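Hi,

Here is the model I said I'd pass along.

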Amino acid sequence: MIEKTQALSPALIQPFSSRANLSPNPHTALKLLSDRDQYTSCHIRVPDDPERLSAVVIDAQYYSFFRNMPRADKAVILATKLGQRGDRVALSYSKRGYLLWVHEPDAAPSPPPFAKIRPVRPTFGPPDCLLIWSPADWQPCRIRTTDYPEPLGAVQYGNSFYSLYRRVDDPAEALNLSMKLAKRGDEVAIAPGNQGYGVCLWEPTAVLA
């Protein structure tokens with residue numbers, strides 16, 4: 001059941017940088033990977049790099065390894081910057097920290113020399129999590145849904161409504177919670193800001209209260 005939470009204030013969310021000449025979508029599309037069954041490790045080649053790249057396959061799409069970030073707040077900032085240049089991003093967690101992977105639409109598989117080529121095991125990743133960049137791109141509101149009797153604090157982003165599931169102070173907690181929600185099939189939006197992180201859930205049946 002969705003927890004009742006006060007509506008977000010636009011002051012909660014601050015942009016990380018200027019949006020001039022950036023991606024037309026004011027969010028980063030994140031694949032939050034919490035389970036090895038959601039991806040398969042491999043190597044790939046891309047047209048602009050002669051080297052074999054470490055990669056993962058998610059939903060039949062290749063994502064090359066980009067960087068390991070030991071801290072969650074730095075991982076969020078880097079994911080935002082990658083989204084601003086137009087990249088789709090996957091994020092996984094290991095003992096070393098947060099691993100960021102970048103979508104490679106033109107990649108081809110690159111097995112080791114003389115290795116027998118084997119088909120890649122099909123994997124099914126979680127729904128995209130939207131990492132929203134700026135308060136200018138959403139509006140605070142209250143909504144009603146078909147599965148909850150009381151009005152809910154929410155944000156309107158484009159033509160969609162996202163109920164505020166929880167506000168947390170720790171970016172690691174925001175990512176961990178969002179991974180759990182995405183794993184169960186929820187479409188999640190994360191709104192980072194100077195007073196915490198709003199973890200929000202898409203509400204397809206919502207109307208304004």
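Let me start with Leu 175: apart from neighbours within four places in sequence, Leu 175 is in contact (heavy atoms within 4.5 Å) with Leu 32, Ala 72, Val 76, Leu 91, Tyr 98 and Ile 190.

Before the rest, some housekeeping. This is a predicted model, with local features needing pLDDT of at least 70 and side-chain atom pairs counted only at pLDDT 80 or more, while totals for chains, interfaces and linings use all residues. Residues are numbered from 1 along each chain as its sequence is written, and side-chain values use heavy atoms, with hydrogens and water left out.

Now the cores. By nonpolar core I mean a set of buried Ala, Val, Leu, Ile, Met, Phe, Trp, Tyr and Cys residues joined through side-chain atoms within 4.5 Å. Buried is under 20% relative accessible area, exposed is over 50%, and partly exposed is in between (1.4 Å probe, protein chains only). The largest core has 28 residues, and those touching the most other members are Leu 30, Leu 32, Leu 91, Leu 100, Leu 175 and Leu 181. Helix 1 (residues 72–84) supplies the largest share of this core, 6 residues. Helices (H or I, at least four residues) and strands (E, at least two) are DSSP runs, numbered from the N terminus. There is also a second, separate core of 9 residues, with Trp 138, Tyr 157, Leu 164 and Ala 189 among them.

Next, some loops. Ser 110 sits in the loop between strand 7 (108–109) and strand 8 (129–132), and counts as buried because its relative accessibility is 7%. Its side chain makes a polar contact of 3.2 Å with that of Arg 45; the term means a pair of N or O atoms within 3.5 Å, where within protein one must be able to donate a hydrogen and the other to accept it, and residues adjacent in sequence count only if both atoms are side-chain atoms.

Neither is glycine, yet phi is positive: near 50° for Asp 59 and near 65° for Ala 60. Asp 59 is partly exposed at 30% relative accessibility, whereas Ala 60 is exposed at 63%.

Finally, Glu 187 lies in the loop between helix 2 (171–183) and strand 12 (188–193), partly exposed at 36%. Its C-alpha is 8.2 Å from that of Leu 130, 57 residues apart along the chain.

Cheers
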